[in-house]
Amino acid sequence: MDRACREHGAFKVRRRSKARWSPSFRFPDPKQIQVERLGRRWGRVKLPKLGWIRFRWSRALGGVIRSATVSRKAGHWFVSFLVDDQAVTPERHAMPDTAVGIDRGVKAAAVTSDGDFHDRSFIRAGEAARYRRLQQRLARARKGSTNRRKTITAMNRIMGRVSDRRTDFCAQTACRVVARNALVGLEDLRVKSMSASASGTAGALGVGGAQKRGLNRAILDKGWHRLELALLSAARYTGTTVVKVNPAYTSQRCSACGFVSESNRESQAVFRCKNPGCGHTAHADVNAAVNIKHAAGHAVSACGDLGASRSTKQEPVSRATGRASKAARSAAPGIPAP
């Protein structure tokens, strides 16, 4: 903040809101960090300008410490260590000929093309009722009061447990999936855009705001993006390739014959192909997962490209190669020259 004020001026700096930001700070110098094990459940760490601080020992470090981060969440302080575990991504998966497609939904968090349904409830009935009462209490509390701050802390404590369960579910699901498959196909979903509000503006009000709010809650509750991040993180230890495919028509296409029609999906769970020569019937989410698996198999290239929707250059381009590619692109019909 001091550097921002010096470079842009104190009146042009946008300060972080205490209501939307949890305090955290990082210690980047590993030479000034010392960690000691005090017992089975406790340890202590020496941090610059803070000295020795005791913490709950939840897991072994498993590597050389590179940095430490202290953060506050749901009324509690946490310390996390960035360590170098010396792990190297395998060049080849243990089962190189295996592949799976994953369809993310609001009824089940993840459904695989093998027919496995991965889902769980992240908030209990008692917690949901208490959170509802806290929301009503928050609406009556005066802004800036001590009771309002206590209510927000209690709400954060409940949502903190819910978030931890969601993170644990995504991590366990990702580990099981990447351990069994060398190729994992996912829909290239823009979760942030899909869960945006439909209320509109004061001049142009949105349509179906209540229904969209319910859909947004369901999407965010299932943790679509967190599962994607967990798969990418776990894939580094097994050599699994995660491929993102175009999500268009994956839920309407028949995985047996390829016939696409809106009427193929009779309900949320029933898929029945309307092609007279096919008549394939399956669970709608499983059928979509199989389509994602097929699309992921076609999207992988020899150079390790991660999908057709986010393609990168496959080979280094020299001057001669660049001129040849430009000429070929100009001669190709329907492709404009750069």
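Predicted model: local features only at pLDDT ≥ 70, side-chain atom pairs only at ≥ 80, totals over all residues.
I will start with the largest pocket. Its volume is about 1800 Å³. The lining consists of 43 residues, and those nearest the centre of the pocket are Ser58, Arg59, Val79, Ser80 and Phe81.

Which strands and helices supply at least two residues each to that lining? On the strand side there are E3 (42–47), E4 (51–56), E5 (64–73) and E6 (76–84). On the helix side there are H3 (146–180) and H6 (224–238). Helix H3 gives the most, with ten residues. Sorted by class, the lining of the largest pocket holds 23 nonpolar residues, eleven charged ones and nine polar ones.

Next, the second largest pocket. The space in this one comes to about 760 Å³. It is lined by 18 residues, and Lys18, Ala19, Arg149, Ile152 and Asn156 are the closest to its centre. Here E5 and H3 each bring at least two residues to the lining. H3 again has the largest share, this time with five residues.

Now the cavity. How many cavities of 30 Å³ or more does the structure hold? There is one, and the volume of the largest cavity is about 30 Å³. The residues around it are Ile102, Ala110, Thr112, His118, Thr173, Val177, Leu227 and Leu231. At least two of the lining residues come from each of strand E8 (110–112), H3 and H6. This lining has no charged residues; five are nonpolar and three are polar.

Is threonine 151 buried or exposed? The relative accessibility of threonine 151 is 3%, so this residue counts as buried, the cut-off for buried being under 20%. Which residues does threonine 151 touch, once those up to four places away in sequence are set aside? The contacts are Leu134, Arg137 and Leu138.

That is the end of the talk.

Terms used: Residues numbered from 1 in each chain as written. Heavy atoms only, no water. 1 Å grid on protein atoms, 1.4 Å probe; cavity = no way out; pocket = protein on both sides within 12 Å on 5 of 7 lines; lining within 4 Å. Points joined across faces, edges and corners; volume = space filled by probe spheres on them. Helix = DSSP H or I, 4+ residues; strand = E, 2+ residues; numbered from the N terminus. Nonpolar A, V, L, I, M, F, W, Y, C, P; charged D, E, K, R; others polar. Buried < 20%, exposed > 50% of the residue type's maximum accessible area, 1.4 Å probe, protein only. Contact = heavy atoms within 4.5 Å.
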